[in-house]
Amino acid sequence: MASLSSINIKFAVDLKDFSTKMQNAQREISKLGKNFQKVGSALTLGVTTPLLGLGAASIKAAADLEILETQLSTLAGGAKNGKDLLKELTDFTAKTPFQLEQVGSAAKQLLAFGFSIDDVKNKLKPLGDVAAGSGNQIGEIAQIFGQVSAAGKLTAERFNQLQERAVPIGKAIAETMGIAESSVRDYITSGKVGFAEFEKAFDSLAAKGGLFEDAMQSQSQTLQGLFSTLKDNVQLAFGELGVAISETVNLKDKVQGLIENIQGIVTWFKNL
């Protein structure tokens, strides 16, 4: 009986020890599971979320490029012309302190005013240099330039708009036409400054030896210009990535299918 009691006591002690060890093991396993959960959450926040953000930004950039290409195609007279012009604009933007949105706006305005695709390509540099040198948006200067072209002459209103924007067009006209700067307004009022004279004077501002010669290049080397150029290149890279994503997953068809499904649900609810 004594021996049996000893065995029972030993068994109880061993069982208690085993239970304690099992509880400790359970706590360790639980702790390990929580650690895995933390790792999973960190991966989601640190990897998955940025990837989703990158994908969304890329698709948005690709969509913006597609919209611009469509607009250019309409104004330039065909998809091929629009695609070629967009390539020209993106190459121009990647090397200048202007954003693609601004450059695209300038190109669309010139096309709308009747300039040919070649004219647009040739005018980007003088317009850009004048805009950069005077501290204006290229689209804003392009609009005024196009308005002068449409009128066939420089009017007092357009002259004042350029002067107010720190573009010394009066001095350029005087030097180009060989007249006194004090006589420029009289010439403008009497309609003697046609578009040809205006264009020559305008281009001289960005030509070799002109006040705004290579102004875009100089500005692109400033800190602000470098950040702008970096932003342009990142945006263009996102656009290319977005196109690849869209084509890989056939995104357009999937979105169209989703739209049709949503429309079907709406119709079903209406019929209830």
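Read along the sequence, this protein runs α-α-α-α-α-α-α-α-α-α-α-α. The count is 12 helices and zero strands, and the model you are looking at is a predicted one. Of the 272 residues in the protein, 32% are buried.

**Overall contacts**

- Taking contacts between residues at least 6 apart in sequence, 68% join residues at least 24 apart.

**The α3 and α5 pair**

- Two packed helices are described by the angle between their axes and the distance between the axes.
- For helix α3 (residues 100-112) and helix α5 (residues 138-151), the angle is about 10° and the axes lie 8 Å apart.
- Angles under 35 degrees count as roughly parallel, and α3 and α5 are therefore roughly parallel to each other.
- On the α3 side, the residues that meet α5 are Gln102, Val103, Ser105, Ala106, Gln109 and Leu110.
- Their partners in α5 are Ile138, Gly139, Ala142, Gln143 and Phe145.
- Sorted by class, this contact of α3 with α5 holds six nonpolar residues, five polar residues and no charged ones.

**A closer look at Gln143**

- Gln143 lies in helix α5 and is one of the α5 residues that meet α3.
- With a relative accessible area of 35%, Gln143 is partly exposed.
- Setting aside neighbours within four places in sequence, Gln143 is in contact with Gln109 and Phe113; Gln109 is also listed among the α3 residues that meet α5.
- Gln143 and Ala112 are 31 residues apart along the chain, and their C-alpha atoms are separated by 9.9 Å.

**Helix α9 and its two sides**

- Helix α9 (residues 195-206) has 12 residues. From its first C-alpha to its last, α9 reaches 17 Å, close to the 16 Å expected at 1.5 Å a residue.
- The buried residues of α9 are Phe195, Phe198, Ala201, Phe202, Leu205 and Ala206.

Notes. Residues numbered from 1 in each chain as written. Predicted model: local features only at pLDDT ≥ 70, side-chain atom pairs only at ≥ 80, totals over all residues. Heavy atoms only, no water. Axes fitted to C-alpha atoms, helices over the stretch in contact; angles between N-to-C directions. Helix = DSSP H or I, 4+ residues; strand = E, 2+ residues; numbered from the N terminus. Parallel < 35°, antiparallel > 145°, perpendicular 65-115°, else oblique. Contact = heavy atoms within 4.5 Å. Nonpolar A, V, L, I, M, F, W, Y, C, P; charged D, E, K, R; others polar. Expected span 1.5 Å × (residues − 1). Buried < 20%, exposed > 50% of the residue type's maximum accessible area, 1.4 Å probe, protein only.
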